[in-house]
Amino acid sequence: MSYPESILGRIEEGAAIISKFPIVSHDYILLYRNASDSEDFHQRICLHAEIETPYLGVVHVFVTHLSLSEPARDRSVVQIWEFMQRFSGPAVLMGDLNAEPDSKAIRFLQGVEEIDRVKTEGLQDAWLMKYPEPRADRDGTYWRNEIRDSGLTFNALMNHLEKRIDYMFVRLPSDVGLHNISLLDDGKRGYAAASDHVGLMGTFTFSQEKDQGS
């Protein structure tokens, strides 16, 4: 994504995958962009890496940062799903999807709603595998200093996190389970925060039939 240098003092940023295990191969696709839409001014991608892991073998990792434009997000998630279908085996899709849980894009990835007669199968929203959907911080939802529900990921530049727009979706074989998913949140807010988003961390377990590992 490109920004005018006068705004942030830099002109490029993008998605990345960093792994302690060998990255066997990597590729990406360009996602839909409508240049006439003022909320779709960046070219977005979905980055994919095949990572060779102990116990499990190759795991497919997909990372993306979706558009601020709802129509672009709706078309992009279909592209991402079709991209993922090219690769069999365990897979993880992660990223800032710029969409709340009740949006069409997220409901599509959850397998709840179709887009253009396409429906996902086998993808699971990792947060919902362990915890209930957190309530977004809208007017009247919380008292001023009430503790917000766990699972909100944005906006750490404010006094309280407001909504869930960062996700981890998993496609797991039957002998692999999600042990836990948690927020990478040091509690710092405003200018002390490292980012306007807080991260997610997932840990996985293997059944007794395989060597133990996580």
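Trainee: Is Phe62 buried or exposed?
Mentor: Phe62 is buried in this predicted model. Its relative accessible area is 0%.

Trainee: And what about Phe83, buried or exposed?
Mentor: Phe83 is buried, with a relative accessible area of 1%.

Trainee: How does one describe a pair of aromatic rings?
Mentor: One gives the distance of the centres and the angle of the planes.

Trainee: How many aromatic pairs does the count come to?
Mentor: The count comes to 6 aromatic pairs. Phe62 and Phe83 form an edge-to-face pair, with 5.6 Å centre to centre and 80° between the planes.

Trainee: Why is that pair called edge-to-face?
Mentor: The angle between the planes is 80°, and planes over 60 degrees apart count as edge-to-face.

Trainee: Which parts does the pair of Phe62 and Phe83 tie together?
Mentor: Phe62 belongs to strand E3, residues 57-65, and Phe83 to helix H2, residues 70-84, so the pair links parts that are 21 residues apart in sequence.

Trainee: What sort of pair do Phe62 and Phe87 form?
Mentor: Phe62 and Phe87 form a tilted pair, 6.1 Å centre to centre, with 55° between the planes. Phe87 lies in the loop between H2 and strand E4 (91-96) while Phe62 is in strand E3, so this pair ties together parts 25 residues apart in sequence. Both Phe62 and Phe87 are buried.

Trainee: Which residues form one aromatic cluster, then?
Mentor: Phe62, Phe83 and Phe87 form one aromatic cluster.

Trainee: A change of topic: what sits over the ring of Tyr32?
Mentor: The charged end of Arg75 sits there, 3.8 Å from the centre of the Tyr32 ring.

Conventions:
Residues numbered from 1 in each chain as written. Predicted model: local features only at pLDDT ≥ 70, side-chain atom pairs only at ≥ 80, totals over all residues. Heavy atoms only, no water. Phe/Tyr/Trp six-rings, centres within 6.5 Å; stacked < 30°, edge-to-face > 60°. Helix = DSSP H or I, 4+ residues; strand = E, 2+ residues; numbered from the N terminus. Buried < 20%, exposed > 50% of the residue type's maximum accessible area, 1.4 Å probe, protein only. Lys NZ or Arg CZ within 6 Å of the ring centre and 35° of its normal.
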